Amino acid sequence: MTISRLGVIAGILLASTAASAADISPAVVFDMGGKFDKSFNQGVYDGAERFKEETGVAYREFEVTNETQREQAIRRMAQRGADPIVGVGFAQAGPMETVAKEFPDTRFTLIDGVVDLPNVQSVVFKEQEGSFLVGVLAAMASDSKMVGFVGGMDIPLIRRFACGYEQGAKHADASVDVIQNMTGTTPSAWNDPGRGSELAKGQFDRGVDVIYAAAGGTGIGVYQAAKDGDKLAIGVDSNQNYLHPGSMLTSMLKRVDVAAYNAFKQAMDGTWEAGIKDLGLADGAVGWALDENNEALITDDMKAAVEAATAGIVAGDISVHDYMSDNSCSY
């Protein structure tokens, strides 16, 4: 093969790659709490940033600050030619369904909710499985045999976290008590660190010594209260161990970063598919965080117990009840 022919082939390959990149104009609509909430939104941000760094393709973004902006923001992205458009959070399901019907040739990915349309990819997670694992760790780390949970907005999705956590704690030690509080019933419950701190202190006063927060930005107050009170806290969605090394027992990982990255990358590669993706431990989509910030808190017995629980759930030997299957935590 001649050098000139090799040059032509290389040029074609480069042009093809450039065309693939040019074919997509990705966008993200972050939900309330903002892209730097150190939790759910930030996980999506991290995935979008990873895509941008690896491919050189920039993305549009918008941070919702009130409920009325969701549909408007998604529609505006579609009108500007964005494709694919990632929506963050279950609350964007209704707005995304409306806009997706108006723009049937645009691809939409909804993270943490379901829209049944031929141009929408819905990515949901088995949060109960990851929460079960951190429940095991909480029970084993607790000296008082009382562990706590602080949720954000009181909705079935957050009850799913709480129920999985309770099951894991009881699996590790049937005598453990689980105390639960929800922050509120409106979207502001996701971004109220002051209230999170109050709820955490109330639980500590009752004897709780480990609290798991599934509350978005509100969790920041829970973690600070644990640090100040010489107690332990468990983060959520992103690895939050770094926030208060030594008082963060672990974090329940929910790989929304991978969901965002895959939505963009699959669109670029031509492998994006509509439909529901229900991801759990077997998919590596949920789990728990172990790093230099919390390794001193995790004993060999705790590690062995959570690894055994993981294997049991994946194999089907341990069944973790999903609160959202019947709106109850009977197990």
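**Exercises: Asn293 and the protein around it**

Asparagine 293 sits in the loop that links β12 (286–288) and α10 (300–315). Keep in mind that this is a predicted model.

**Exercise 1.** Work out whether asparagine 293 is buried or exposed, and find which residues it is in contact with beyond its neighbours within four places in sequence.

*Solution.*
- Start with the relative accessibility of asparagine 293, which is 19%.
- Now bring in the cut-off: buried means under 20%.
- Asparagine 293 therefore counts as buried, at 19%.
- Next, set aside the neighbours within four places in sequence; asparagine 293 then touches Asn241, Tyr242, Pro245 and Gly246.

**Exercise 2.** Decide what the radius of gyration says when set against that of a compact globule with 331 residues.

*Solution.*
- For 331 residues, a compact globule would come out near 20 Å.
- The protein has 21 Å, so the value agrees with the globule rule.
- For the outline, look along the principal axes: the C-alpha atoms fill a box of roughly 75 × 50 × 35 Å.

**Exercise 3.** Describe the fold in numbers: how many helices and strands are there, and what share of residues counts as buried?

*Solution.*
- Count the elements first: the protein has 11 helices and 12 strands.
- Then check burial: 54% of the 331 residues count as buried.
- Finish with the contacts: of those between residues at least 6 apart in sequence, 67% join residues at least 24 apart.

**Exercise 4.** Sum up the surface and the charges: what part of the accessible surface belongs to carbon and sulfur atoms, and how many side chains are positive and negative?

*Solution.*
- The accessible surface is about 14,000 Å², and carbon and sulfur atoms make up 49% of that.
- Charged side chains split into 27 positive and 45 negative, with the centres of the two sets 5 Å apart.

Note on methods:
Residues are numbered from 1 along each chain as its sequence is written. This is a predicted model: local features need pLDDT of at least 70, side-chain atom pairs count only at pLDDT 80 or more; totals for chains, interfaces and linings use all residues. Side-chain values use heavy atoms; hydrogens and water are left out. Helices (H or I, at least four residues) and strands (E, at least two) are DSSP runs, numbered from the N terminus. Buried means under 20% relative accessible area, exposed over 50%, partly exposed in between (1.4 Å probe, protein chains only). Contact means heavy atoms within 4.5 Å. The radius of gyration is taken over C-alpha atoms; the globule rule is 2.2 Å times the number of residues to the power 0.38. Accessible areas come from the Shrake-Rupley method with a 1.4 Å probe; for residues, only the protein chains shown count as cover. Lys and Arg count as positive and Asp and Glu as negative; His and the chain ends are not counted. The place of a charge is taken as NZ of Lys, CZ of Arg, CG of Asp or CD of Glu.
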